[in-house]
Amino acid sequence: MKFLRIKNIVLVLILALFSIPSFAEKNHITIAGSTTIMPVSEKWAKAYKKKTGIVVNVHGGGSTSGIKATQTGTADIGASSRELNYSEKNNLKQIIIGKDALAVIVNKTNQIKDLNIDQVRGIFSGRIKKWNEVGGPDKPIQIINRESGSGTRDLFTEVIMHIMLIDKTTKVVPMCLSSIVNNSNAEVKESVKLIPNSIGYISIGYVDNTVKPLTINSVSPTPKNVYDGKYSLVRNLYYLFKEENDKSVQSFLAYVLSKEGQSFVSNEGFLPITENNARD
Amino acid sequence: MKTAISKIQAEEDFALGALKISGWLIVSVLIFIIGYIFYYGLPEVLSWNYLFTPPEGGRHDNGGILYQILATVYLIVGSLIVAAPIGIFAAIYLTEYAPQNLITTLIRFAIENLAGIPSIIYGLFGLAFFVIFLKFEYSLLAGALSVSIMVLPVIIRTSEEALKSVPQAFRQSSLALGVNKWQTISKVVLPSAFPGILTGILLSIGRIVGESAVLILAAGGSITAIPRFVSTTYPYVLPDSARTLAVHLYYQATSYDARAKAFATGVVLIFIVLFLNWCINQISKGYRNKLAVR
Amino acid sequence: MKGFYQLQKTMQEIKIKKYFDKKEKRFWSGFVNLFMEQLFFLSACVAVISLFLITAYVFYNGFKLFQFVPITDFLFGFDWDPVTQKLFGVLPMIIASCYVTVGALIISAPLGIACAIFLAEIASPSTQQVIRPAVQLLSGIPSVVFGLFGLAFIVPLIQDTGDVAGLSILAAIIILSIMILPTIISISEDAIKAVPKELKESSIALGTTRWQTILGVVLPASSSGILTAIILSIGRAFGEAMAVKMVIGNTQTMPDFSPQTGFGLLSLARTLTTNIVGDIEYAEPGPHLSALFATGAILFLFIIIINATSYVFLRRASVKSNS
């Protein structure tokens, strides 16, 4: 009899332990979307929780899925690394949370230093198949691409993969399908790091000394070139939301735009909204 | 005559030698894989911080895996609470009650087929049914329920074997004393079959811990908050999206620039498997001793 | 005093008698008895209901695709680009799935059966105590751990053979063969152990060597069990998602089967399973998500066909051997 009682007490204690987190629960905010913005969101989530106790859940899925999630209400905030198109602008409000540039990267063993936009387009469309066609060794080029819903890929397509035809209309050159498809900047970086003859594109926030960024038309992807307007693969990073009346969302956004919040942006390798906040 | 015999002998030696090599080859593959992972992962694990600090995300997977460990524990408890009773009861039905009719054949057919379905299909089902249709959203609950269907065949099979191995004499003598069937089962048969049933549960824990595809599809992968077991909003139990150890390992290996940490997570997973295997072996040893005494 | 307590203990040990004496308890226990019987039956039905639901949901959501895309484009299309170019071809994935499965079998079936024979017939008890736990442990290791090992060790090794990415069908084959070995070994071992002693003894009595006995008597006698082991491991290899995803590259078109890539061995590819895992994080409800369910449906169909043919095949084999 006594034995049973102890067992019951233990069971109740375990259940209580499992419940403790839920007693501490308050509102929580969900952010979904761009994998580019995820690390910054996660850092903001942690700092904000420390400050206010409110939990912020961060999901990936890509810019397009984040926009959709915000529209359907599945997410409170959508993270997008691309512009909203006309149909998406519908009822969403957006704020810029930082600036970002894309760097075209190659494996560290690659000797190439610079490419022009034509060459990059040729490589990613599959027209240029070997490195010796652009001044490198006789090795096949392995393309690393992003998934179709990616804001990063959209920017790359817009800047690189458009060609102007004789009649002044533009056409998008399709990307080569024998590329490896990765679902985030981090994955692309890991793939380029892993595969010697590879080439890919990532947000400059992810570039470090394990991969080699190229200069495009001799312009290198530095913050200065971005703010000066010289580098073309540039974009704004957005948070999207539906209503302005949701207080918890608004106060989180206010934190994001504050000086403290913007310091996380440069910490994670992105560019704060204005040059004044930028650290070099 | 001599050459014929020596030819056969040579063939015999060669064949037995090849078989011996194949046996030891597999052991060496295992040792190599585990050794490789431990070599790169053990230092990180032994700093203990890794296991007890929450994850911080970022590009280099800062922080530890505390939330992931919790999520894994919650997942195991959540899915076993559902799968164990249903599985054991189903096994009881099949061994104690089931007549030889169409329904029984259908039930056995269903169990066999469930066992053969690849786990990614369970993930798709979990996504379509629990996440979308029942509106659980990405949550440990959706993951736990999907996983519980996945381990149901394992529990049913092992429980059935355990129940079958209980001697008929036990049942008959109990019924002869006038005890009804349910009392017989709960007081006589189940306690005897307990070691076998426990083995089945341990095997399913092993499968649950190692499962990643189902969870990516049904539980999402958020690491920013400590997962909760109960909450005050729908669906009330395991409502949070969370990452288990296996899912986190997948992201560590493919996205984060933190290979050493990936190996460390691997070490943790392997330790769990080692422990479960050890428990299973202890049970079967104890069982054998019990039978030997008789 | 002591005697009284001893009597109480004996009474408690024969718990059954407690209920026998109380008529009221007998009524309730009768009710509980009936209730539990129904509960057991319902639990068993959960398996049937689950199988039905799973099949229904996967196929229903999969068939939604064919409102947008003709089924022939899906099954026989060469390219997969669901969002940008609206291409939904899974033929490369079907081929890749088959390729890695067959490749893994070619390596593991002989090796696994040999190990099973060794364990069942030849190994000393102390050797068995080393090898059998090793096999058990191998079967318990999560697939992502195998994937990590493949990514960290096997892929760089393959890269060293030439100008290849390393991520390849070959990497998937190697990892898969390690993963299905335990299945083949343990089920084959059971089948071999089940061969009656008399058969082996009569063979030895006729003067054959151990190996000749194994080859001529044991293997044929256990062939249906070994075949079951192989069929089960085909299912496992065909359905493996995570480990393959980490080492195969996930391209969107037909793998390169030219001689330079060893007729596909060194080429990147995408299997049915990796298609689902790779795209599911961002696929939107609509044609893309339905296409992923349709991929799952194809996977499901393949497994059903494999299991069904093996069932028919084994039935026929056992009928033959009985007659």
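Helices here are DSSP runs of H or I with at least four residues, and strands are runs of E with at least two, both numbered from the N terminus. The model under study is a predicted one.

**Exercise 1.** Describe the secondary structure of chain B and state in which order its elements follow one another.

*Solution.* Counting the runs defined above gives 11 helices and two strands for chain B.

**Exercise 2.** Characterise the extent, burial and contact range of chain B.

*Solution.* Begin with the C-alpha trace, which spans about 70 × 65 × 35 Å along its principal axes. Next, take burial, for which a residue needs 20 or more other C-beta atoms within 10 Å of its own; buried residues account for 53% of the 294 residues in chain B. Finally, consider the contacts between residues at least 6 apart in the sequence of chain B, of which 73% join residues at least 24 apart.

**Exercise 3.** Locate the residues with the most contacts inside the largest nonpolar core, and follow one of them to its partners.

*Solution.* The largest nonpolar core has 261 residues, and C:A171, C:I175 and C:V247 have the most contacts inside it. Helix α8 of chain C, residues 169-193, gives the most to this core, with 17 residues. Once neighbours within four places in sequence are set aside, the contacts of C:A171 include C:G150, C:I154, C:V155 and C:I158, as well as C:G166, C:V247 and C:I248.

**Exercise 4.** Work out how many residues of chain C are in contact with chain A, and of which classes they are.

*Solution.* In chain C, 22 residues are in contact with 23 residues of chain A. The side of chain C that touches chain A divides into seven nonpolar, 10 polar and five charged residues.

Key. Residues numbered from 1 in each chain as written. Chains lettered and ligands numbered in written order. Predicted model: local features only at pLDDT ≥ 70, side-chain atom pairs only at ≥ 80, totals over all residues. Buried ≥ 20, exposed ≤ 12 C-beta atoms within 10 Å, placed from the backbone. Contact = placed C-beta atoms within 7 Å. Core = buried A, V, L, I, M, F, W, Y, C linked by C-beta atoms within 7 Å. Nonpolar A, V, L, I, M, F, W, Y, C, P; charged D, E, K, R; others polar.
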